[in-house]
Amino acid sequence: MPAADRRVRPGSDGEHELQERVGTTARADKFYDEQVLDRLNTRMRDFVARQEMCFLATSDRHGECDSTFRSGPPGFLRVLDDRTLVYPEYRGNGVLASLGNIEENPHVGVLMVDFLKDRIGLHVNGRARIVSDEEMRRAQPELPVDSVPGRRAQLWVEITVEEAYIHCAKHIPHLQKASAEQGQGQAWSAGGFRRKGGDFFGAAAEAPDRPPYRPRRRKRYVPLWAQAGEPVRAAVWQRSVERLLAVVARRNSDAEEGEQSFRGWFC
């Protein structure tokens, strides 16, 4: 594609290079144009408000990844505005893996899937920051306090939305929600381990007999495009600069719109 015709596209340099190699660039552009937003539209905000769970992807500064599960009553994921999403962090195992990653690398991915009714998913990618419960409630005094002690927020994660797009229904199973009575009557195994706690995978039972965990040495990752020839590296670098300039231009435009709106109050 000539440089003059190249436009700024969502997504990573890696996905763009792979699209060109396997011949899906046109199909990807159609998806980008029709489905990828830089904010949450009305239907997305309504969808978020109904969700009781989500999957959260984070990575540390080395790129080492972690994927986890978050849940709560409907509305535990709260949309503050079309570019801001927050959720509470409850008391857990004390490891704080996701929050630790966010401290090093603010980029996060959130996947919400409705298995029960709509059988559809929503991806939200953006930049996160950790906020204390006190600070969040000062800024958002309407936030409710959950009556269940285990669901009282210790911290909040605030996500600035950079990408929001659909996850289609293909291969999403249609599930049925169990009643509270059914859930209480289920156990992990014949040994009676409850749904919370226990040692379902037997890791704790094996701990005395296994050697201590030794993390592998982390190697600096060099992407394939960086190992390619100079023309490929230059093209990827140019696309990265174009995307960055587009983001800056968009944010400047938003700031100008906000300033004009503010001035309108005094005209």
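Biologist: Is D118 buried, partly exposed or exposed, and what is the relative accessibility behind that reading?

Modeller: Buried means under 20% relative accessible area, exposed means over 50%, and partly exposed lies in between (1.4 Å probe, protein chains only); D118, at 33% relative accessibility, therefore counts as partly exposed. This is a predicted model, in which local features need pLDDT of at least 70 and side-chain atom pairs count only at pLDDT 80 or more, while totals for chains, interfaces and linings use all residues. Residues are numbered from 1 along each chain as its sequence is written, and side-chain values use heavy atoms, with hydrogens and water left out.

Biologist: Which residue forms a salt bridge with D118?

Modeller: Side chains of opposite charge can pair when their charged atoms come close. A salt bridge here is a side-chain nitrogen of Lys or Arg within 4 Å of a carboxyl oxygen of Asp or Glu, and R50 forms one with D118, their closest N and O atoms being 2.8 Å apart. R50 lies in helix α3 (residues 42–50) and D118 in the loop between β5 (107–114) and β6 (120–132), so the pair links distant parts of the chain, 68 residues apart; helices (H or I, at least four residues) and strands (E, at least two) are DSSP runs, numbered from the N terminus.

Biologist: How many salt bridges are there by this rule?

Modeller: The count comes to twelve. Among them, R129 meets E158 at 2.9 Å, N to O. Because R129 lies in strand β6 and E158 in strand β7 (residues 155–167), this pair ties together parts 29 residues apart in sequence. E158 is buried, with a relative accessible area of 16%, whereas R129 is partly exposed at 39%.
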